[in-house]
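Take a look at the sequence and the 3D structure below. The text after them goes through the fold step by step.

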Amino acid sequence: MCRCRRDSIDRALQTAARLFGRVHRYPPFSVRRCRSPRIVPPVLVDLGELRALIYRSDKWRRGRPRSYIHFLERPPRLTCDVRGRQLYIVGGRYRVTPRGIEG
């Protein structure tokens, strides 16, 4: 891997760690790269508007997970690959902040 690419990945990992700390209010246990497909397939199946997200996290309450629900004002589309095995969130206007997912 070229040095410039490694530097940009290192910066992205540092940025990810800072965002995790702001959202969860404690530092991440680890930050690492994961292998995953990085290309959205050329054909997606539109499943509809993603009106809300529900997820479980122990943010703010280390060791005591809780469920969070975020309703989206300008929802993205929920799509999947043609085999129906991978979901993709496409479009919308939202941001991840210390208060949660906004927008």
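The protein chain has an average pLDDT of 85, and 92% of the residues score at least 70. Among its elements, strand β1 has the highest mean pLDDT, 96, while helix α1, residues 3-24, has the lowest, 81. Such scores guide the reading: where pLDDT is low, the predicted coordinates should not be read in detail.

Next comes the sheet. Strands of a sheet pair through backbone hydrogen bonds, either parallel or antiparallel. Here 3 strands form an open sheet in the order β1-β4-β5, with antiparallel pairing. Its edge strands are β1 (45-49) and β5 (87-90), each of which pairs on one side only. On average, neighbouring strands of this sheet are turned by 30° against each other, direction ignored.

The two pairings can be taken one at a time. Strand β1 is joined to strand β4 (residues 77-80) by 4 bridges, and the two run antiparallel. Within this pairing, aspartate 46 has threonine 79 of β4 as its bridge partner, and glutamate 49 stands opposite arginine 77 in β4. Leucine 78, for example, has isoleucine 89 in β5 as its bridge partner. Strands β4 and β5 form a hairpin, with 6 residues between them. In the turn of this hairpin, glycine 84 has a positive phi of about 75°.

Now turn to the charged side chains. Side chains of opposite charge can pair when their charged atoms come close. How many salt bridges are there in this model? The count comes to 3. In one of them, the side chains of arginine 77 and aspartate 46 meet at 2.9 Å, N to O. Arginine 77 lies in strand β4 and aspartate 46 in strand β1, so this pair ties together parts that are 31 residues apart in sequence. Arginine 77 counts as partly exposed because its relative accessibility is 33%, between the limits of 20% and 50%. Aspartate 46, at 46% relative accessibility, is also partly exposed.

Another salt bridge brings together the side chains of arginine 51 and glutamate 49, at 3.1 Å, N to O. Both residues are partly exposed: arginine 51 has a relative accessible area of 48%, and glutamate 49 has one of 44%.

A further salt bridge links arginine 95 with glutamate 102, and their closest N and O atoms are 3.1 Å apart. Is each of these two residues buried or exposed? Arginine 95 is exposed, with a relative accessible area of 53%. Glutamate 102 counts as buried because its relative accessibility of 19% is under 20%.

Threonine 97 lies in strand β6, which covers residues 95-97. With a relative accessible area of 11%, threonine 97 is buried. Leaving out residues up to four places away in sequence, threonine 97 touches Val23 and Glu102.

Conventions
Residues numbered from 1 in each chain as written. Predicted model: local features only at pLDDT ≥ 70, side-chain atom pairs only at ≥ 80, totals over all residues. Heavy atoms only, no water. Buried < 20%, exposed > 50% of the residue type's maximum accessible area, 1.4 Å probe, protein only. Contact = heavy atoms within 4.5 Å. Pairing = 2+ DSSP bridges. Axes fitted to C-alpha atoms, helices over the stretch in contact; angles between N-to-C directions. pLDDT = per-residue confidence, 0-100. Salt bridge = Lys/Arg side-chain N within 4 Å of Asp/Glu carboxyl O.
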